[in-house]
Amino acid sequence: MYNTDIPNREELPSTAKLVRSTIIAAIVALVLLVTVVMPAEYALDPTGAGRLLGLTEMGEIKEQLAEEAAADEAAQMVAVQSSTEREAPEVKEPVVAEAVKEPAPSPEAEVAPAEPEPAPAPEVVEPQWQDEVRVVLTRGEGTEFKLTMEEGATARFSWVSEGGPINFDTHGDGSGQSISYEKGRGVLEDEGELEAAFTGNHGWFFRNRNDNDITLVLRTGGEYGQLKKML
């Protein structure tokens, strides 16, 4: 099963041989360390053999590269630190503004009078009519209404013809006098003031010239005695 020959006890090295071999190996390793490893890796050449073999120059180059690498790393660390300091926002302490107290008004200071409120606009009062008459006029029919008035008196009036236009004549008579104030044909409504030119009866004559019946509504107010229907 096993083809390896087992050596005899006589063929095994003695303890003295092992110690001698160990010492020789240590000496060789020490010589290699001083003459090869130290000059080549650390540029240390105590014996001068490394410079003869060109190993010391190699070690010097490695040392220079290591120093340059360390310098570059240090420069990068400084640059990163500077960048961090620039990016860090500057925290400023909040400035608290002191409240400025306004001086108290002097009791002797004059008090400006308050502006008077604008007076409300006067309400528009609708005229109060003293009399109102409503009469239906058939086709061709006429009617007359008069106010008894003193000279210079003024009466308000308003009339409207419902169902169609109407013809009218505003006039006055009395004390042997007569006057025509205004005439109209085909009028639907009218309003205004009537001032008596003299003492007497003053008013309106209306006639329906439509083919249908109409309703006349007359309202009066002001300075007059009474409203009379003449026709």
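Predicted model: local features only at pLDDT ≥ 70, side-chain atom pairs only at ≥ 80, totals over all residues.

Modeller: If you search the whole structure for aromatic pairs, you find 3 of them. Let's zoom in on F157 and W204: their ring centres are 5.2 Å apart and their planes meet at 55 degrees, so this pair counts as tilted. Why tilted? Planes under 30 degrees apart would be stacked and those over 60 edge-to-face, so the rest, being in between, get called tilted.

F157 belongs to strand β3, which covers residues 154–162, while W204 belongs to strand β7, residues 200–207, so the pair ties together parts that lie 47 residues apart in sequence. Are these two residues buried or exposed? Both F157 and W204 are buried.

W159, F168 and F206 make up one aromatic cluster.

Follow β7 and you reach an open sheet. It has 5 strands in the order β5-β4-β7-β2-β9, and the pairing is antiparallel. At its edges stand β5 (177–187) and β9 (227–229); each has a single partner strand, so one side of each is left without a neighbour in the sheet. Going from one strand to the next, the twist averages 20 degrees. On the β9 side, β9 pairs with strand β2 (residues 142–149) in the antiparallel sense over 3 bridges.

Helix α1 takes in residues 15–42 and bends by about 45 degrees at L33. Among its residues, V34, T35, P39 and A40 are buried. Just after α1, A43 has a positive phi of about 60 degrees. The UniProt record, an unreviewed entry, places a "transmembrane region" at residues 23–44. Over that stretch, residues 23–44, the model's chain is 91% helix and 0% strand, with the end C-alpha atoms 24 Å apart.

Terms used
Residues numbered from 1 in each chain as written. Heavy atoms only, no water. UniProt positions renumbered as here; feature names shortened; annotations may be inferred. Helix = DSSP H or I, 4+ residues; strand = E, 2+ residues; numbered from the N terminus. Phe/Tyr/Trp six-rings, centres within 6.5 Å; stacked < 30°, edge-to-face > 60°. Buried < 20%, exposed > 50% of the residue type's maximum accessible area, 1.4 Å probe, protein only. Bend = angle between axes of the 7 residues up to and from the residue. Pairing = 2+ DSSP bridges. Axes fitted to C-alpha atoms, helices over the stretch in contact; angles between N-to-C directions.
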